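Thanks for asking me to look this one over. Here is my note, with the model shown first.

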Amino acid sequence: MGKWEPAAVRLDIVAHRWVGTDAGGAYLRRCELDVARTARGITDRWTLPLPTPGGPLVDPIEGRARAAAPTPRRAPLRLVGRIASHARVPSREATMTTGSFDALATAVVGASVASQWTPAVLEWQIVGVEQDPDAGGVCVCGQTGLVQLFTIRNQHNDARLFPIGSKCINQFGRADLDRDVDVLPRLLRLREALDTHQRVDLTSEHFSRAVLAYLHEQGAFPPDRWNGNDGGNDYQFLLTMFDKRKKDEITQPQLRKISVILNKKVFPFVRSDERLTEGPS
Ligand SMILES: [Zn+2]
């Protein structure tokens, strides 16, 4: 994992209250902390009820004070026994710091029509990927060391964000984007292999079931008299051949057909795919 921006999040306890002495018969029932969280210049406040001994951890209550700027909806801060110097927002990937997610969400929501994270992520498509072999890319979230630099475009206002890394796109929680994040770098390598006149076969070195599905969906197999005017037949044929565990079971006529479809359809399509942009040179 790359280096994260240092001190991306600061937590300050701005107030605390003991609850229970009055109506609780002089017993202290619990303690509440008001915590100000500052990340990227944005401060929001949370009330954290401390757990009682043996009691369950409880979720904080947002908004004793208004956030200084709109913040995206997400999992709340979770109290883990004591106030840690680095709070982590639970996420599916658990690879992003709170500060990184905040920076990502600020960039994405700020460039979206919607003002909340959940609807905002639906507005975006991946329109480009390029490689930086020197790993010099800095993601919109602040992560350094990006090799695969994606460009995403907002379908409603044409805004673009670049570069953005695969981990951040995975945070969108969209299976179609996750598929593109997987497939597009593979196709980029495939095109580099073509450009450098390497041999490209229908093997897992350059292909996957997802790659073939992508090619089919994107129109790489136009209907013609060889596929009975249905590109789906080309797709199914390649898929069947790709799935064969014993490649020596593929007959000579099948090998020729694979070669024709790759050379006449797949390779020209990959060469002309506008999403596979040239890397910085
Ligand atoms: Zn990122």
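1. Residues are numbered from 1 along each chain as its sequence is written.

2. The chain's average pLDDT (the predictor's confidence in each residue, from 0 to 100) is 78, and 64% of the residues score at least 70. Please be careful with residues 62-94, where pLDDT stays under 50. Where pLDDT is low, the predicted coordinates should not be read in detail.

3. An open sheet has three strands in the order β5-β8-β9, with antiparallel pairing. Strands are DSSP runs of E, at least two residues, and helices are runs of H or I, at least four, numbered from the N terminus; two strands pair if DSSP finds at least two bridges between them. At the edges are β5 (124-131) and β9 (160-164). Seven antiparallel bridges join β5 to β8 (residues 148-154), and Q131 stands opposite Q148 in β8.

4. The largest nonpolar core has 43 residues, of which L104, V140, I164 and L187 touch the most other members. Such a core is a set of buried Ala, Val, Leu, Ile, Met, Phe, Trp, Tyr and Cys residues joined through C-beta atoms within 7 Å; buried means 20 or more other C-beta atoms within 10 Å of a residue's own, with C-beta atoms placed from the backbone. Helix α4 (residues 175-195) gives the most to this core, seven residues.

Terms used
This is a predicted model: local features need pLDDT of at least 70, side-chain atom pairs count only at pLDDT 80 or more; totals for chains, interfaces and linings use all residues. A residue is buried if 20 or more other C-beta atoms lie within 10 Å of its own, exposed if 12 or fewer, and partly exposed in between; C-beta atoms are placed from the backbone. Two residues are in contact if their C-beta atoms, placed from the backbone, lie within 7 Å.
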